[in-house]
Amino acid sequence: MEGVDHLAHERNSAQFDVDEMKIVWAGSRHAYEVSDRMSRLVANDPAFRKDSRAQLTRKELFKNTLRKATYAWKRILELKLSEEEAGRLRFFVDEPAFTDLHWGMFVPFLKGQGTEEQLQKWLPLANKLQIIGCYAQTELGHGSNVQGLETTATFDPKTDEFVIHSPTLTSSKWWPGGLGKVSTHAVVFARLITDGRDYGVHGFMVQIRSLDDHSVLPGITIGDIGMKFGNGAYNTMDNGVMHFDHFRIPRDQLLTRISQVTREGKYVQSDAPRQLVYGTMVFVRKAIVIDASNALSRAVCIATRYSAVRRQFGSQDGVETQVINYKTQQSRLFPLLASAYAFRFVGEWLQWLYTDVTQRLAASDFSTLPEAHACTAGLKSITTAATADGIEECRKLCGGHGYLCSSGLPELFAVYVPACTYEGDNVVLLLQVARFLVKTVSQLASGKKPVGTTAYMGRLQHLMESSCKVQKAEDWLNPSVVLEVFEARSARMSVECAKRLSEFTNQEEGFQELSPSLVEAAAAYCQLIIVSKYIEKLQGDIPGKGIKEQLQILCSVYALYTLHKHKGDFLSTSTITPKQASLADDQLRSLYSQVRPNAIALVDAFNYTDHYLGSILGRYDGNVYPNLYDEAWKDPLNDSAIPDGYHEYIKPLLKQQLRNARL
């Protein structure tokens, strides 16, 4: 029945203040109010409808995205929205578009690498979308190995210009979002060559299309790279290919905050340190981690609501059991719910880290940069991989109906999975983290004190010798016990890798040989960060009835599920005993029972509108079946009872007239 809340009984069982949890999820009352206002603004505007997206052709889909992005900008200007409000409005429009790369990569990199003079020239235009930018780094032949990029920028002192050139097919820029059809400008990464010497990869500001008629400038070839995975999904984005044929740009379009080339062609390092590039990197990666919590929470919201609506087996008095009441469903669903909250809170901490790194860079303090790089790289890897897997698990948790486009999950998965590759392949990033950990361990002997997220390494001797204090299942609810177990596991895995690596004469050969173990050690370090930041969050002031208790339960679920999933690590390092592992599993099952009465309220706290969720299975009112039935009849295939092709193919088949059929 329309207008009836089929999940009201679930909401009434909540043991905490849902409105207060919405504020905790958003990060502050102000952030909650902005998100709530922008989400409703988008949901109530018919111009932002997206229910037919999966049925559009590629051209229709792309043109519709252009319309929405332009209309969103029009509304931003009309309503005089702040930068924060504009960002939230674009988020809730929920459609990958050229603006994502313009605001998310192009503008931040320009701010980070441009001089004051360059910013005065380009930033006002970019902020008004009078120029539209993209981030052209990845090439057909190179992605993660940035130092292997082949595009060249050779300085010509005769004309005071750089000559941008793609010397090979594989040097073609490949993948940049917004490049294919929309962007007028690009930050192009190329090997700076002057006076016969290669100075490595640098960023250049390059105009690629005419501002008069949008035609591609002579000397450049640009196109779209073609259809990508899924219906709708990332096919709204014009990921592009770009090839340069000795294209010339003025010398002052080298982004010169860090280095410059003089009129005579001399390469000069500026006073600004090269480490400034880390600021932009931390900014981008903390945004990716926050986006992981957004995507995972969305999938979990759909799966949790539908699990409460769906009933199968176990009929008592003619009423079947809600799927969410089965322990098998809980053991797959509730860890994902806990992970969504965990990723949210570690994302908040990364926001603090970005501010801290920015302030330190301004004061020429680079002491925390290696650690900041390592933890942001690792957290990007861990959270995106877990989220991609989690979305797919949520689809399976919804049974057969989860496979329907109208469930919202197939498109969400297709849109999200590229996050495992862009801004650094996840395995490559973990190997970078592993190098940092091995170096940290090796420096302990010289007395160098580890900082930040590696501070626990300062207690290495204790962690190598300590034994877990757990004697009964309830002991696993003690945060200090859990934290030390995760610290000991991480320390022991890092030390073991460093020890085995030292046995190789050639360190690089050793690194290649031990890379699977190094990846596991890096993952252990990142999971420790997530657990520790969640515990730190709980130690702060958390107002609201029952809020802290629920977050404590979810924190324990995340930690103990991670322990369960990586039980081999904890046992092989002798961090815990088999008996203690068994007690952790017992406590985990008990925690699922505590999550159950609050499950619907915990996903309601995400405060997602039905428009944003885009899922019939995840409707707020739980009225799934009538709407699923009605949605089926909207498919174009149901426009007529007799399908196109009946007379040409089906009839000859049925009437045994294939000889006369036009096949």
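Which residues does UniProt list for "domain: Acyl-CoA oxidase/dehydrogenase middle"? The unreviewed entry gives residues 134-236.

## Basis of the model

This is a predicted model, in which local features need pLDDT of at least 70 and side-chain atom pairs count only at pLDDT 80 or more, while totals for chains, interfaces and linings use all residues. Residues are numbered from 1 along each chain as its sequence is written, and side-chain values use heavy atoms, with hydrogens and water left out.

## The middle domain

UniProt positions are in the numbering used here, feature names are shortened, and annotations may be inferred rather than shown by experiment. Over residues 134-236 the chain is 40% strand and 0% helix, where helices (H or I, at least four residues) and strands (E, at least two) are DSSP runs numbered from the N terminus. The end C-alpha atoms of this stretch are 15 Å apart.

Strand S1 covers residues 133-136. Gly133 and Tyr135 point one way from S1, Cys134 and Ala136 point the other way, and all are buried (under 20% relative accessible area, with exposed over 50% and partly exposed in between, using a 1.4 Å probe and protein chains only). S1 runs parallel to strand S5 (residues 185-194), and four bridges join them; two strands pair if DSSP finds at least two bridges between them. In this pairing, glycine 133 stands opposite histidine 185 of S5.

## The C-terminal domain

The UniProt annotation "domain: Acyl-CoA oxidase C-terminal", also from an unreviewed entry, covers residues 478-655. Here the chain is 71% helix and 0% strand, with end C-alpha atoms 74 Å apart.

Helix H16 (residues 515-539) packs against helix H17 (residues 547-565) at an angle of about 165°, and their axes are 10 Å apart. Axes are lines fitted to C-alpha atoms, for helices over the stretch in contact, and angles run from 0 to 180 degrees between N-to-C directions. Residues in contact (heavy atoms within 4.5 Å) include Tyr534 and Leu538 of H16 and Leu551 and Tyr558 of H17.

## Two buried helix residues

Serine 339 lies in helix H9 (residues 327-362) and is buried, with a relative accessible area of 10%. Not counting residues up to four places away in sequence, serine 339 touches Leu296 and Tyr558. Serine 339 and glycine 390 are 51 residues apart in sequence and 9.2 Å apart in space, C-alpha to C-alpha.

Histidine 373 is in helix H10 (residues 369-397). Its relative accessible area is 18%, so histidine 373 is buried.
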